[in-house]
Amino acid sequence: MKPEVEVDIDVVVVEPPRFGRPGPPMRRSPLIIGFTAGLGLLLAYSAYLAVQNVRSILILIFIAMFLAIGLNPAVVRLRKWGMPRGLAVATVGIGAMLVLCGGIVALIPPLVQQSNALIENLPQYIDNLQRNDQLNRLNEQYRLLDQLKSVATPGNATKALGGVWGGVQVAFSALFNILTVIVLTLYFMAAFDRLKAGGYRLVPASRRERVRLLGDEILTKVGAYLGGALAIAVVAGLSSFLFLLVLGVAYPYALAVLVAVTDLIPQIGATLGAVVVSIVGFATSIQAGIACVVFFIIYQQVENYAIYPRVMRRAVKVTDLAAILSVLVGVALLGVVGALVAIPVVAAVQLLVREVVIPRQNLR
């Protein structure tokens, strides 16, 4: 007979909660889901308003980063020659500022003088347009040139520009933006390697090397594109200045600067500058206008098929359709700034698609 074993059992009496048993979790409650979604929409809208309020500053930062990427190849070249990075950044920055200041000093006085003369002589140019038989017949029927002449007076032009106080505000705003871009560009250039390394550290270690190689290639393309675009714009401006000077068209310096600036805009910029210069040429004389049209048609063919391919051959390779679409989208989003950065952005996207997306799709 087995001995009896005594077992002590502790009985725990669970008293019912004083305020009742809790219900099921409310994680899937429609109230919580709706509140969370509404809070998310509110935060997203607040972020959108914040971005809109600082949009101009963000554009300046973006321009400074773009310029820093474009000037970094010069810093890298100086470092290869044995120059310390700090001294290389200072040399490139001082050189860029000297070029900018020299351009402003050489540009502003004649540009202001010639622009004022252009505004004052605008009614006379409209009278010259009436010498054209076709335009004269249209004017007799619709009185277009007469109405344009009554509007195109120096006083109305000054009012359109915002008057003296408006001009002062525009000048100070432009000066502030230029100084801001210069300072930010110098900071980005000085910390370029550190910022780039910090960005790469955010990538998982298993993919960091590949991301670094792709990122360096994209930065190289952006820098090469910026240098090439500036070189092409300078050639366009000098060629236009010499042609207008030989032809005897008024305000050759201001028009050449306009051609150089608009030529920075891919695809459509050269045409815009050519149209403006041709209008001034026709206002001077019919022969001068025809000569301007012929010159710009020939020059654009030379630029498109000789100058541009040779300069950009080692920079970016973007198809014509992709370039046109990217410029249109860039203009719609960021205006002239968007047009300037559209092509290097498309080149970067094409690189990522070719090296990342397509190989991944081929493995599936």
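This is a predicted model: local features need pLDDT of at least 70, side-chain atom pairs count only at pLDDT 80 or more; totals for chains, interfaces and linings use all residues.
User: How many cavities of 30 Å³ or more does the structure hold?

Analyst: A cavity is a set of points where a 1.4 Å probe fits but cannot get out. The structure holds one cavity of 30 Å³ or more, and the volume of the largest cavity is about 40 Å³.

User: Which residues line the largest cavity, and which helix gives the most to the lining?

Analyst: The lining consists of Ala236, Ser240, Val259, Asp263, Ala270, Phe296, Tyr299 and Gln300. Helices H10 (208-247), H11 (252-263) and H13 each supply at least two residues of this lining, and H13 gives the most, with three. Sorted by class, the lining has five nonpolar, two polar and one charged residues.

User: What kind of patch do Ile286, Ile290, Val294, Ile298 and Val302 form on the surface?

Analyst: These residues, Ile286, Ile290, Val294, Ile298 and Val302, form a nonpolar patch, and their accessible area together is about 410 Å². One of them, Ile298, lies in helix H13, which runs over residues 286-312. H13 is also the helix that gives three residues to the lining of the largest cavity.

User: How many salt bridges does a search of the whole structure find, and with which residue does Arg79 form one?

Analyst: Side chains of opposite charge can pair when their charged atoms come close. In this structure, the search finds six salt bridges. Arg79 forms a salt bridge with Asp193, and the closest N and O atoms are 3.0 Å apart.

User: Why does the pair of Arg79 and Asp193 tie together parts that are apart in sequence?

Analyst: Arg79 lies in helix H2 (residues 55-80), whereas Asp193 lies in helix H9 (residues 192-201), so the pair ties together parts that are 114 residues apart in sequence.

Terms used: Residues are numbered from 1 along each chain as its sequence is written. Side-chain values use heavy atoms; hydrogens and water are left out. Patches are made of residues with over 30% relative accessible area and no salt bridge: like charges are joined within 9 Å, nonpolar side chains (Val, Leu, Ile, Met, Phe, Trp, Tyr) within 5 Å. Accessible areas come from the Shrake-Rupley method with a 1.4 Å probe; for residues, only the protein chains shown count as cover. A salt bridge is a side-chain nitrogen of Lys or Arg within 4 Å of a carboxyl oxygen of Asp or Glu. Helices (H or I, at least four residues) and strands (E, at least two) are DSSP runs, numbered from the N terminus. On a 1 Å grid over the protein atoms alone, a cavity is a set of points where a 1.4 Å probe fits but cannot get out, and a pocket is an open set with protein on both sides within 12 Å along at least five of seven lines; lining residues have an atom within 4 Å of a point. Grid points are joined across faces, edges and corners, and a volume is the space filled by probe spheres set on the points. Ala, Val, Leu, Ile, Met, Phe, Trp, Tyr, Cys and Pro count as nonpolar, Asp, Glu, Lys and Arg as charged, and the others, Gly among them, as polar.
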